[in-house]
Amino acid sequence: MSKSAETLRVVIPLTFRKKNGRPKILPPEDVMPFPERRQDPHILRAIGRSWGWRRKIEAGTAPTIRDIAEIEKISASLVARYLRLAYLAPEVMEALLVERRVPAVRVLDLLKIAERHWAGQMEAVFGKG
């Protein structure tokens, strides 16, 4: 008794494209597995920057907002406004950075929201979900 080898061939029509110098695989146009909404890189960058400044202040490498402003070559008032992002409510930080939820606001709106009490920040950042 002889067995014949059966071959199963699966064809998935993918497109390869370079994005930022790296190859990216795109699914067929009629299949989009994820919605186009994604995390705002400006918000992530602003939060990362604010946490870096917070660490410098806490470590004493740049003990004042003015010191950070001089190092970064920006105004002290801008540093003070962005530094508030390092003190957002923990649930907002977790949703933005760990869960990667898409906020309903822009960076400038987030700066204003950071001035509020923690209790109201979640709804202000993500809307009434």
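This report covers the fold, helix packing, salt bridges and a surface patch of a predicted model.

## Overall fold

The protein chain contains six helices and two strands. Along the sequence the order is β-β-α-α-α-α-α-α. The chain has 129 residues, and buried residues make up 26% of them.

## Packing of α1 and α2

Two packed helices are described by the angle between their axes and the distance between the axes. Helix α1 spans residues 41-59 and helix α2 spans residues 65-72. They pack at about 125°, and their axes lie 10 Å apart. The crossing of α1 past α2 is right-handed.

I57 belongs to helix α1. Its relative accessible area is 27%, so I57 is partly exposed. The C-alpha atoms of I57 and D67 are 9.2 Å apart. Along the chain, ten residues separate this pair.

## Salt bridges

Side chains of opposite charge can pair when their charged atoms come close. With a 4 Å cut-off between nitrogen and carboxyl oxygen, the count is four salt bridges.

E72 pairs with R49, with the closest N and O atoms 3.6 Å apart. This pair connects distant parts of the chain: E72 sits in helix α2 and R49 in helix α1, 23 residues apart. E72 has 28% relative accessibility and so counts as partly exposed. R49 is partly exposed too, at 37%.

R54 and E58 form a salt bridge with an N to O distance of 3.0 Å. Both residues are in helix α1, four residues apart, so about one helical turn separates them.

Are R54 and E58 buried or exposed? R54 has a relative accessible area of 18%, which is under the 20% limit, so R54 is buried. E58 reaches 55%, which is over the 50% limit, so E58 is exposed.

E115 is exposed, with a relative accessible area of 55%. R84 has 30% relative accessibility, so R84 counts as partly exposed.

## Nonpolar surface patch

Which residues form the nonpolar patch on the surface? They are L8, V10, I12, L14, F16 and I25. Together they have about 700 Å² of accessible area.

I25 is one of these residues, and it lies in strand β2, which covers residues 22-26. The relative accessibility of I25 is 52%. That value is over the 50% limit, so I25 counts as exposed.

Conventions
Residues numbered from 1 in each chain as written. Predicted model: local features only at pLDDT ≥ 70, side-chain atom pairs only at ≥ 80, totals over all residues. Heavy atoms only, no water. Patch = residues over 30% accessible without salt bridge, like charges linked within 9 Å, V, L, I, M, F, W, Y side chains within 5 Å. Areas by Shrake-Rupley, 256 points an atom, 1.4 Å probe, with all protein chains shown as cover. Salt bridge = Lys/Arg side-chain N within 4 Å of Asp/Glu carboxyl O. Buried < 20%, exposed > 50% of the residue type's maximum accessible area, 1.4 Å probe, protein only. Axes fitted to C-alpha atoms, helices over the stretch in contact; angles between N-to-C directions. Left-handed = near helix turned anticlockwise from the far one by under 90°.
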